[in-house]
Amino acid sequence: MRQAGRSLPEYRKIREGVGMLESCRRPDLVTEITLQPVRRHNVDAAIFFSDIVVPVAAAGIDLDIVAGTGPVVAEPVRTEADLARLRPIVPADVDFVTEAVRLLVAELGDTPLIGFAGAPFTLASYLIEGGPSRTYLKTKAMMYGAPELWNALLARLAEITLTFLRVQIDAGVSAVQLFDSWAGALSEADYRRFVMPHSAAVLSGLIDAGVPRIHFGVGTGVLLEAMGEAGADVVGVDWRTPLDQATRRIGPDRAVQGNLDPAILFAGWDVVERETRRILEQGRAAPGHVFNLGHGVMPETDPDILTRLVALVHEVSGS
């Protein structure tokens, strides 16, 4: 996961006194932070260091990423007038991303770089709520009560996200990952009606890009079939759904990504090894399996456990 660096002392050192948004806008820092887990753990690919709100900040929204809280929006988007503040972006608005990706591609050589963006629903939830939420009351109130405004907002966010991913692809990433972190708050019917068309607009807009498209959400077991239909080549699966069951829901024509529970990394090596072997075996049911955690790395994780985990996956999978 893209947060793999958070557990590294070298990450904490380089981020001292530097805010998250500033870190994402400095190509030198983005390059170094992205490379740190690759150097430390010998993983098979790097994941571009960024944050889901970077493109909406570039689109004119006044926000900050507050330590210990997450993204906080100064003036939430709840009316048509608010939506007017969210303008489309052009590549020049995120030229720091282009520079960082090019630096990384040169440094990584044969190691692939995976691009990253937030999906329209998750971005909308931050913009409407004004920050993180456990209930998404304001988000759902707009979704149900003002569907025209809702669709206009998500369409604008889909346009912004597509541009943001296109910038990364044009600069040289080998694959892209669309994170819909909060889609698990929805029923399948609501996902298909209010969210899926906008995620599909992003993913279908990348068909001609020639790179694999990964789609991931948290708590999305009931949405896996729909998330695959939205246009992904690979569907990320969190730790709640076994990969063989997930494959039956997603279908035989898409690979899966996942899904070791990050908490297991704290349970001792015997447990880590047992659960890793189980997941690798269940992943054989899919036409392709990208081993990963079922969500991000906890900052308290022992980096040595992650290094051993990568080595074990390489050993068992024969790569």
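Mentor: First, a term: helices (H or I, at least four residues) and strands (E, at least two) are DSSP runs, numbered from the N terminus. This is a predicted model, where local features need pLDDT of at least 70, side-chain atom pairs count only at pLDDT 80 or more, and totals for chains, interfaces and linings use all residues. Residues are numbered from 1 along each chain as its sequence is written, and side-chain values use heavy atoms, with hydrogens and water left out.

Trainee: Thanks! Where does Ser133 sit?
Mentor: Ser133 is in the loop between helix 7 and helix 8.

Trainee: And is Ser133 buried or exposed?
Mentor: Ser133 counts as buried, because its relative accessibility is 18%. Buried means under 20% relative accessible area, exposed over 50%, and partly exposed in between (1.4 Å probe, protein chains only).

Trainee: What does the side chain of Ser133 reach?
Mentor: The backbone nitrogen of Thr135, at 3.1 Å. A polar atom of that Ser133 side chain also lies 2.8 Å from the backbone nitrogen of Tyr136.

Trainee: What's the phi of Tyr136?
Mentor: Positive, about 55°, although Tyr136 is not a glycine. Tyr136 belongs to the loop between helix 7 (120–129) and helix 8 (137–145), and it counts as buried at 9% relative accessibility.

Trainee: Switching topic, what about phi of Asn42?
Mentor: Phi of Asn42 is positive too, near 60°. Asn42 lies in the loop between helix 3 (27–41) and strand 1 (46–47). With 52% relative accessibility, Asn42 counts as exposed.

Trainee: Last one: which residues does a cis peptide bond join?
Mentor: Gly258 and Asn259, with omega about -5°. Asn259 is part of strand 8 (residues 255–260).

Technical notes
Polar contact = N/O pair within 3.5 Å; in protein donor to acceptor, adjacent residues only side chain to side chain.
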